[in-house]
Amino acid sequence: MTDTQNAHEHTPRLQMAKVAPEVYKAVVALEIASNKGLDPALVELVKIRASQINHCAFCLDMHTKDAVAAGESIERIVLLAAWEESRHFYTEKELAAIELTEAVTVLTDGFVPDEVYEKAAKHFEERELAQLIAVIATINVWNRIGVTTRLVPGHYTPGMYKV
């Protein structure tokens, strides 16, 4: 006999929006400001990749659903976890953004390599690059909030949190 029942859903540790509304609103404002002027599909790819690295299930649930709702293919979303082996699914500009996302998200070497930054700078105008860096920083803030507070994935529907 096989066990076919899913594990129990965990409960969140706290609700940031309720206990620290000023902080929550500030991160939402940063989210809105950082997204301006960037291709929404690119933004979702960046958010998904950072969330994969940070193991934020809530953000993965949200941004994969948002990406699908915006017309992104399941194939590109799934292969994003192995983008280096599936480069041909992405544009050079997307690859530069994904690589920058990884470098900014994983700062264990203490810096973003010059070649990664320069590659991104070739594909993005200066203002776009600044916006992209802000998107990466912001999703990392959300990931850290989501993972630490144990936000529960699976209940998000696209557009639920309009920003």
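## Packing of H3 and H6

In this predicted model, the axes of H3 and H6 cross at roughly 35 degrees and come within 9 Å. The crossing of these two helices is right-handed. On the H3 side, the contact is made by Leu42, Leu45, Val46, Arg49, Ala50, Ile53 and Asn54. H6 contributes Glu94, Ala97, Ile98, Thr101, Glu102 and Thr105. Sorted by class, the residues of the contact of H3 with H6 are seven nonpolar, three polar and three charged.

## Packing of H6 and H8

Helix H6, residues 92-105, also packs with H8. The angle here is about 50 degrees, and the axes lie 10 Å apart. An angle of this kind makes H6 oblique to H8, and the crossing is right-handed.

From H6, the residues in this contact are Lys93, Ala97, Leu100, Thr101, Val104 and Thr105. From H8 they are Glu128, Leu129, Leu132, Ile133, Ile136, Asn140 and Arg144. The contact of H6 with H8 holds seven nonpolar, three polar and three charged residues. Ala97, Thr101 and Thr105 of H6 take part in this contact and are also listed in the contact with H3.

## Packing of H2 and H8

Helix H2 (residues 21-35) packs with helix H8 (residues 126-149) at an angle of about 150 degrees, and their axes are 8 Å apart. Angles over 145 degrees count as roughly antiparallel, and H2 and H8 are therefore roughly antiparallel to each other. Their crossing is left-handed.

Tyr24, Val27, Val28, Leu30, Glu31, Ala33, Ser34 and Asn35 make the contact from H2. Their partners on H8 are Gln131, Ala134, Val135, Thr138, Val141 and Trp142. By class, nine residues of the contact of H2 with H8 are nonpolar, four are polar and one is charged.

## The largest pocket

The largest pocket holds about 940 Å³ of space. Its lining is made up of 32 residues, and those nearest the centre are Tyr24, Phe58, Met62, Tyr156 and Tyr161. Tyr24 also belongs to the H2 side of the contact with H8.

Several helices give two or more residues to the lining: H1 (16-19), H2, H3 (40-54), H4 (57-69) and H8. H4 gives the most, with five residues. By class, the lining of the largest pocket comprises 20 nonpolar, six polar and six charged residues.

Note on methods: Residues numbered from 1 in each chain as written. Predicted model: local features only at pLDDT ≥ 70, side-chain atom pairs only at ≥ 80, totals over all residues. Heavy atoms only, no water. Axes fitted to C-alpha atoms, helices over the stretch in contact; angles between N-to-C directions. Helix = DSSP H or I, 4+ residues; strand = E, 2+ residues; numbered from the N terminus. Parallel < 35°, antiparallel > 145°, perpendicular 65-115°, else oblique. Left-handed = near helix turned anticlockwise from the far one by under 90°. Contact = heavy atoms within 4.5 Å. Nonpolar A, V, L, I, M, F, W, Y, C, P; charged D, E, K, R; others polar. 1 Å grid on protein atoms, 1.4 Å probe; cavity = no way out; pocket = protein on both sides within 12 Å on 5 of 7 lines; lining within 4 Å. Points joined across faces, edges and corners; volume = space filled by probe spheres on them.
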